[in-house]
Amino acid sequence: AAETGQYRVTVNLNNNTYSLLKIDRWSLVGDAVEGGWGGDVPLTYQGKGVWAATIELYKPGANAGFLFRANGDWAYLLK
């Protein structure tokens, strides 16, 4: 990697290639959290690949959804 940091590594064993995506931040987004789908609730990097936050869910028990988003980019989601 060109610089230190946290990275997502994608490996393609069919053509022996790989790609690196530097993860600058993770956040939680969705209608269950403050800001809804238009905002981000940031997670704090704890070290050793761990990101954490204490987050109040606004609609517990309802069909409120949320997901994790890397770098504020809709292309990099964890559902």
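Biologist: Where is the place of Leu13?

Modeller: In this predicted model, Leu13 lies in the loop between S1 and S2.

Biologist: What makes the nonpolar surface patch, and which elements give two or more residues to it?

Modeller: The patch is made by Val9, Val11, Leu13, Tyr18 and Leu20, and its area is about 560 Å². Strand S1 (6-12) and strand S2 (17-23) are the elements that give two or more residues to this patch.

Biologist: Turning to Leu21, where is it found, and why does it count as buried?

Modeller: Leu21 is found in strand S2. Its relative accessibility is 17%, whereas buried means under 20%, so Leu21 falls on the buried side of the cut-off.

Biologist: Which residues make up the largest nonpolar core?

Modeller: That core has 6 residues in all, namely Leu21, Ile23, Trp26, Leu43, Trp51 and Ala70. Membership asks for buried residues of the nonpolar kinds, joined through side-chain atoms within 4.5 Å.

Biologist: Which residues does Leu21 touch, once those up to four places away in sequence are not counted?

Modeller: Leu21 touches Gln6, Tyr7, Arg8, Asn71 and Tyr76, where a contact means heavy atoms within 4.5 Å. For Leu21 and Gln6, the C-alpha atoms are 8.4 Å apart in space, while the two residues are 15 apart in sequence.

Biologist: How does the radius of gyration of the protein chain stand against that of a compact globule?

Modeller: The protein chain has 15 Å, whereas a compact globule of 79 residues would have a value near 12 Å. Along the principal axes, the C-alpha atoms fill a box of roughly 45 × 25 × 20 Å.

Biologist: And how many helices and strands does the protein chain have, and what share of its residues counts as buried?

Modeller: There are 0 helices and 8 strands in the protein chain, and 24% of its 79 residues count as buried.

Notes: Residues are numbered from 1 along each chain as its sequence is written. This is a predicted model: local features need pLDDT of at least 70, side-chain atom pairs count only at pLDDT 80 or more; totals for chains, interfaces and linings use all residues. Side-chain values use heavy atoms; hydrogens and water are left out. Patches are made of residues with over 30% relative accessible area and no salt bridge: like charges are joined within 9 Å, nonpolar side chains (Val, Leu, Ile, Met, Phe, Trp, Tyr) within 5 Å. Accessible areas come from the Shrake-Rupley method with a 1.4 Å probe; for residues, only the protein chains shown count as cover. A salt bridge is a side-chain nitrogen of Lys or Arg within 4 Å of a carboxyl oxygen of Asp or Glu. Helices (H or I, at least four residues) and strands (E, at least two) are DSSP runs, numbered from the N terminus. The radius of gyration is taken over C-alpha atoms; the globule rule is 2.2 Å times the number of residues to the power 0.38. Buried means under 20% relative accessible area, exposed over 50%, partly exposed in between (1.4 Å probe, protein chains only).
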